[in-house]
Amino acid sequence: MKTILITGGAGFIGSNFTRYLFQHYPDYRLIVLDALTYAGNLDNFPVALKTHPNFTFWHGDVRDSALVLELTSQADAVVHFAAETHVARSIYDDRRFFETDVLGTQCVASAVLRCRDRIERFLHISSSEVYGTAATVPMTEQHPLNPMSPYAAAKAGADRLVYSYCTTYAVPAVILRPFNQYGPYQHLEKVIPRFITSAILNEPLTLHGRGEARRDWLHVEDTCRRIDLALHAPIERIQGQAINLGSGEARDIRSIARLILRMLHKPESLISFMDERPGQVQHHCSSQDRARELLGIEPGRPFEAGLEETIRWYRDHPDWWRKQLNMRRVPIKNGGSSVRYY
Ligand SMILES: NC(=O)c1ccc[n+]([C@@H]2O[C@H](COP(=O)([O-])OP(=O)(O)OC[C@H]3O[C@@H](n4cnc5c(N)ncnc54)[C@H](O)[C@@H]3O)[C@@H](O)[C@H]2O)c1
């Protein structure tokens, strides 16, 4: 029996991963630490999980070093998702991003170091945003780090902080860099749920710029399977490595908007355009070579199949997302006093 500490486990990927572990490893003890910001939601856990004796939820902050140390001292492995995660919000107000994403990661890394006699591994969930827009394709883990938004810069700081703990103290850390994620329980501020729910409500699907930004999409359940592989691979094989988690295929935002409208039998006239979002990454496409070699990953589900599943989930769960409708657009102040909603 193992104990896994999951920070940010009430958010989108964290809650999918917690449910995944509960299904696949029913005898593991799961401790979730989450501050329940606007992005965290206890409704992301089924009642059977919330009431299970192997599950503990701690409402707390990842920057609280005493609490993080106390929980880490009970764990065999830590999976660190907790972060402020929305690029557009980081343009409006970036301080919290650096406090949570960088200083919060420092708390976790430092607790792992102090508990290194017990901790088998520390999986740090970084992001493909650390790379900035692709200078070469496909993007390997050696691609330069050129973060283009305050969110990306905070994630890059955390990513290198964890690496420095590997090189300085030999902590058993692994840096996972997911590319763009989609699937159930994703907040409506993110593009795919925003498009799906807007289409369901016959409201405009607003594209930034011409919608030509191309991203690499992986369904969250396929990501969870890969994080599971990283949780159980021999640590000496992966310690200190950065590993991309993506599909290896790029798709532009406009074609995704069209696909969603087609799948929901809605007219393309619902597509509308506005200015490009500041800090936009124009092109991402991952190399999967290292993930194949070190983790033995298999291809994820085809994008169309994952999108259909996701659309079905949002169609079947309006009670989950209706309360977030007013958060689909985010105000950005870019320099002067005027505010744009993205
Ligand atoms: N969603 C994506 O496409 C994507 C892609 C690459 C990487 N990531 C990374 O994966 C991780 C999870 O992303 P997500 O999409 O699930 O994010 P999310 O915004 O849905 O969830 C973040 C969770 O962290 C919690 N949290 C925030 N501040 C906290 C704090 N100070 N203390 C404790 N908990 C706190 C929130 O309450 C929330 O439950 C993040 O580190 C993110 O940077 C996400």
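User: Before we start, what do the residue numbers refer to, and which pLDDT limits apply?

Analyst: Residues are counted from 1 along each chain as its sequence is written. The model is predicted, so local features need pLDDT of at least 70 and side-chain atom pairs count only at pLDDT 80 or more, while totals for chains, interfaces and linings use all residues.

User: What makes S3 and S10 edge strands in the sheet of 7 strands?

Analyst: Strands are DSSP runs of E with at least two residues, and helices are runs of H or I with at least four, numbered from the N terminus. Two strands pair if DSSP finds at least two bridges between them. The open sheet has the order S3-S2-S1-S4-S5-S6-S10, with parallel pairing. S3 (55-59) and S10 (242-245) each have a single partner strand, so one side of each has no neighbour in the sheet. From one strand to the next, the twist averages 20 degrees.

User: How do you know that S4 and S5 are paired?

Analyst: The definition asks for at least two bridges, and S4 (residues 77-80) and S5 (residues 121-125) pair in the parallel sense over 4 bridges. Valine 79, for example, has leucine 123 in S5 as its bridge partner.

User: Which strands does H5 lie across, and at what angle does H5 run to S4?

Analyst: Helix H5 (residues 95-114) lies across S1 (3-7), S4 and S5, at about 170 degrees to S4. Axes here are lines fitted to C-alpha atoms, for helices over the stretch in contact, and angles run from 0 to 180 degrees between N-to-C directions. Contact means that the C-beta atoms of two residues, placed from the backbone, lie within 7 Å.

User: Why are H7 and H12 called oblique?

Analyst: H7 (residues 191-200) and H12 (residues 303-316) pack at about 55 degrees, with their axes 10 Å apart. Angles under 35 degrees count as roughly parallel, over 145 as roughly antiparallel, 65 to 115 as roughly perpendicular, and the rest as oblique. H7 and H12 are therefore oblique to each other. Their contact is made by Ile192, Pro193, Ile196, Thr197 and Ile200 of H7 and Thr310, Ile311, Tyr314 and Arg315 of H12.

User: What classes of residue make up the contact of H7 with H10?

Analyst: The axes of H7 and H10 (residues 253-263) come within 10 Å and cross at roughly 35 degrees. Among the contact residues are Phe195 of H7 and Ile256 of H10. By class there are 10 nonpolar, no polar and no charged residues. Nonpolar covers Ala, Val, Leu, Ile, Met, Phe, Trp, Tyr, Cys and Pro; charged covers Asp, Glu, Lys and Arg; the others, Gly among them, are polar.

User: How many residues surround the ligand, and which helix or strand gives the most?

Analyst: The ligand is surrounded by 31 residues, with Gly8, Gly11, Ala39, Gly40 and Gln181 the closest. By class, the shell has 12 nonpolar, 14 polar and 5 charged residues.

Terms used:
Near = placed C-beta within 6 Å.
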